[in-house]
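I opened the model today to look up a few residues, the pockets and the aromatic pairs. My notes follow.

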Amino acid sequence: MDSRLHIIAGYKEGKSYVKDLYVSPPFRVVSVGQRKKDHKLYQIVMSSSPGILDGDRYQLDIALEKGAALQLQSQSYQRLFNMKDRAVQQLNISMQDNTSFAYVPHPVVPHEDSNFKSKAEINIGENSQIIISEIITCGRKHYGELFKLKSFQNLTEIYHKDKLVVKDNILIQPDLIPIKSIGNLEEYTHQGTLIFYTTKKHVDKNALIETIYAHIELQSEMEIGISAMEDNGFIIRTLGHGGEVMYNFFLTVQEILWELE
């Protein structure tokens, strides 16, 4: 199935709003209200499909006009079903100046023989910031499907002024890369990545990292590390044995970063 989701977030009189929206099955987008009366835009992406199926091609285009702030939320865990061939997803995010975008979705659950490739291409303007994450699980652990997927790849590229500033490539392919080997996941079953990048000049990334470390110290169920970028940004990596605790931690980080002016 070829499926499309297209959102334009506009900004008028100090408020962000849905300027344009188009979806095709199985997508549906619903407003979840403007929390904290901050006049930012909060939308949840829903799906009538139980998960991503063989041959599915998802195209997601998100644009933020100058001044807009959009936070996307997911409905539930994303399942990748058994596939003879593969499924693909393309996410394009265009951010004009003075914009904020956040997307911290639920974990991905790859079933046996699933084969999925996703690419996110992000163009960010001046005085703007993006928060985007992903959590990949081992599959249906209680069904004995520990890393029985064919392949999972997620490539994220962030551009500023037509220059590539961030590139992150997650590839899990158990038949080529032993997943439990040293330097890979070893004894862990879940891996998470959260990317924060900003073109705001006044943001102190080191102070933010220290704030997040205070929350890391409260975590006993995961291994967590932060890598600072040369520019104003950082990447958080997590390893653990459960998706929910990892997802909740990323939501906490999102709240810290979302409040930045």
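I started with N115, which lies in strand 11 (residues 115-124). Strands here are DSSP runs of E, at least two residues long, numbered from the N terminus. The model is predicted, so local features need pLDDT of at least 70 and side-chain atom pairs count only at pLDDT 80 or more, while totals for chains, interfaces and linings use all residues. Residues are numbered from 1 along each chain as its sequence is written, and side-chain values use heavy atoms, with hydrogens and water left out.

Is N115 buried or exposed? N115 is buried, because its relative accessible area is 19%. The cut-offs are under 20% for buried, over 50% for exposed, and partly exposed in between (1.4 Å probe, protein chains only).

I then checked what N115 meets. Its side chain reaches the backbone oxygen of D85 at 3.3 Å. Leaving out residues up to four places away in sequence, N115 touches M83, D85, R86, A87, K150 and S151. Contact means heavy atoms within 4.5 Å.

Next I took L21, in strand 2 (residues 15-23). L21 is partly exposed, because its relative accessible area is 37%. Beyond four places in sequence, L21 touches H6, I7 and V29. I also checked L21 against L146, 125 residues along the chain: their C-alpha atoms are separated by 38 Å.

Then the pockets. A pocket is an open set of points on a 1 Å grid over the protein atoms alone, where a 1.4 Å probe fits, with protein on both sides within 12 Å along at least five of seven lines; lining residues have an atom within 4 Å of a point. The largest pocket holds about 690 Å³ of space. Its lining has 38 residues, with Q78, Q89, Y103, P105 and V108 the closest to the centre. The second largest pocket holds about 260 Å³. I found 16 residues lining the second largest pocket, with K40, G67, A69, S100 and E261 nearest its centre.

Last, I searched the whole structure for aromatic pairs and got 5. Rings of Phe, Tyr and Trp (its six-membered ring) pair if their centres lie within 6.5 Å; planes under 30 degrees apart are stacked, over 60 edge-to-face, the rest tilted. One of the pairs is F27 with Y58: the ring centres are 5.0 Å apart and the planes are at 65°, so I logged the pair as edge-to-face. F27 lies in strand 3 (residues 27-31) and Y58 in strand 5 (residues 57-64), so the pair ties together parts 31 residues apart in sequence. Both F27 and Y58 are buried.

Technical notes:
Helices (H or I, at least four residues) and strands (E, at least two) are DSSP runs, numbered from the N terminus. A polar contact is a pair of N or O atoms within 3.5 Å; within protein, one must be able to donate a hydrogen and the other to accept it, and residues adjacent in sequence count only if both atoms are side-chain atoms. Grid points are joined across faces, edges and corners, and a volume is the space filled by probe spheres set on the points.
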